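Dear colleague,

I am passing on the structure we talked about, together with some notes on what turned up in it. Please look through it with the notes beside you.

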Amino acid sequence: MLCVLLYCSCASVLQQEAEAVVVEKKEEVKKDSDVPDSNIIRVSRKLPVTFYARRLRKMLQTFDKVILQGLGKAIMSTVELSQFVVHNMDCKITKIRTQTTNDRLKKKKIMIEIMSNAPPAATAETPAAPASVE
């Protein structure tokens, strides 16, 4: 009987420790959620173009290229967003791909790759080109 009580108390202590570790990991994930982990923006019709434009601006600070992806009826919103970004931000379209999904619905899909035209910021580590003396 004593062995069973010891086993139960040890198991509950281990379970509490495991739950504490899970809570700590969830807090770490929430802190790092500001940094995007992928360079793909999936565009829908539910949110306005300006929402995705702000999101794209933040992602271009982290990534060189960002891919806009629209599926089905969101293709028009994706194209609208790409044109908005080209005209209002300093960006250019580098690649456009269309395809059909492989599921039973055979939906159309568009992927537009956007790249910033802005030159990379000069860093103190990069030395300036030496002047040629003749």
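The count of salt bridges in this predicted model comes to 1. It is formed by the side chains of E113 and K65, with 3.5 Å from N to O, and it links distant parts of the chain, since E113 lies in strand β4 (residues 108–116) and K65 in strand β2 (residues 65–71), 48 residues apart.

Helix α3, which runs over residues 75–88, has 14 residues and spans 20 Å from its first C-alpha to its last, close to the 20 Å expected at 1.5 Å a residue. Within this helix S77, T78, L81, S82 and V85 are buried, and because these residues cover an arc of only 140 degrees around the axis, they sit on the same side of α3. M76 and H87, on the other side of the helix, are exposed.

K106, which is placed in the loop between β3 (91–100) and β4, has a phi near 50 degrees, a positive value in a residue other than glycine. At 48% relative accessibility, K106 counts as partly exposed.

Notes. Residues are numbered from 1 along each chain as its sequence is written. This is a predicted model: local features need pLDDT of at least 70, side-chain atom pairs count only at pLDDT 80 or more; totals for chains, interfaces and linings use all residues. Side-chain values use heavy atoms; hydrogens and water are left out. A salt bridge is a side-chain nitrogen of Lys or Arg within 4 Å of a carboxyl oxygen of Asp or Glu. Helices (H or I, at least four residues) and strands (E, at least two) are DSSP runs, numbered from the N terminus. Buried means under 20% relative accessible area, exposed over 50%, partly exposed in between (1.4 Å probe, protein chains only). The expected span of a helix is 1.5 Å times one less than its number of residues. The arc is that of the directions from the helix axis to the C-beta atoms.
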